[in-house]
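This report describes a single protein chain, with attention to its sheet, one of its helices and its aromatic pairs. Please consult the sequence and the structure shown here while reading.

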Amino acid sequence: MSKRIITINRMYGSNGRIIGKALAEEMGIGFYDRELIDLASSKKQFAEVDEKRPSPWGFPIDSELQIGVDRYPIPMNDVLFGIQREIILSLSDKEDCVIVGRCANNILTDHALKVFIYAPFEDRVQTVMKRLDREEKSARKLVKRMDKERRAYFEFF
C-alpha cells in the first residue's frame, strides 16, 4: 500500500506551516517542518543554515560532518540538506505525513501530492506584523528577504 505524502511549499507569511499542521492533524498523520532539523541532529549549526543557500565566499569548518570522502570541505547547508533528504525519503517509506519546505516536493518527485501555498504580498506583511509584533516597514523588509532566501535555497538545491 502506498503512503499518503503531502509536500507543502509556501511563501513566507502565507501561513503554510499552520495550514500544513492543521491538515496533518485533521488527517491524523505525521507533520514535519522544523522537526526535520531535530531528527537530523540537535546541532545549533543546522538551525542557522536551515533553508538557506550556502555562501559562495567560503564557510567555516565546524564539524567533522563537513569533511567529504575526498577530504574537501562541504558547506554545513549541504550537510543538512543531505541528512534531511535521507530523512524525507525514509519518512515517505514509513508513514503517511505532511512535509513543509526543505525541497521535499523535488526529493519526492513522483511519490507525493505537491501543494504550493501563496498569498498576496500585503496579506503576508499583515500576517508577519501580527505574528511577530513588527512594524509595517520591518515586516515588509522581512517578507522580501525571506522570499529571496527561500527562492535561492530552492533554486540551489
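Which residues of α7 are buried? They are Ala139, Leu142, Val143, Met146, Asp147, Arg150 and Tyr153, where buried means under 20% relative accessible area, exposed over 50% and partly exposed in between, with a 1.4 Å probe and protein chains only. Because these residues cover an arc of only 135 degrees around the axis, they lie on the same side of α7; the arc is that of the directions from the helix axis to the C-beta atoms.

The model is predicted: local features need pLDDT of at least 70, side-chain atom pairs count only at pLDDT 80 or more, and totals for chains, interfaces and linings use all residues. Residues are numbered from 1 along each chain as its sequence is written, and side-chain values use heavy atoms, with hydrogens and water left out.

**Helix α7**

Helices (H or I, at least four residues) and strands (E, at least two) are DSSP runs, numbered from the N terminus. Helix α7 comprises the 21 residues 136-156, which at 1.5 Å a residue should span 30 Å; its end C-alpha atoms are 30 Å apart, in agreement with that value. The expected span is 1.5 Å times one less than the number of residues. On the face of α7 turned away from its buried side are the exposed residues Lys137, Lys141, Lys144, Lys148 and Glu155.

**The sheet**

Four strands, in the order β2-β3-β1-β4, make up an open sheet with parallel pairing. Strands β2 (30-32) and β4 (113-117) are at the edges, and each has a single partner strand, so one side of each is left without a neighbour in the sheet. From one strand to the next the twist averages 20 degrees, taken between axes that are lines fitted to C-alpha atoms, with angles running from 0 to 180 degrees between N-to-C directions.

Two strands pair if DSSP finds at least two bridges between them. Strand β1 (residues 5-10) is joined to the parallel strand β3 (residues 97-100) by four bridges, and β1 pairs with β4 in the parallel sense over five bridges. Ile6 has Val98 as its bridge partner in β3 and Leu113 as its bridge partner in β4. Ile8 stands opposite Val100 in β3.

In a regular strand the side chains alternate between the two faces of the sheet. In β1, Ile5, Thr7 and Asn9 point one way, while Ile6, Ile8 and Arg10 point the other way, and all are buried.

Asn9, in strand β1, has a relative accessibility of 13% and counts as buried. Apart from neighbours within four places in sequence, Asn9 is in contact (heavy atoms within 4.5 Å) with Gly101, Asn105, Val115, Phe116, Ile117 and Phe154.

**Aromatic pairs**

Rings of Phe, Tyr and Trp (its six-membered ring) pair if their centres lie within 6.5 Å; planes under 30 degrees apart count as stacked, over 60 as edge-to-face and the rest as tilted. By this rule there are two aromatic pairs.

| Pair | Centre to centre | Angle between planes | Class |
|---|---|---|---|
| Phe81 and Tyr153 | 6.4 Å | 70 degrees | edge-to-face |
| Phe116 and Tyr118 | 6.4 Å | 15 degrees | stacked |

The pair of Phe81, in helix α4 (residues 76-94), and Tyr153, in helix α7, links distant parts of the chain, 72 residues apart. Phe81 is buried at a relative accessible area of 13%, and Tyr153 is buried at 4% relative accessibility.
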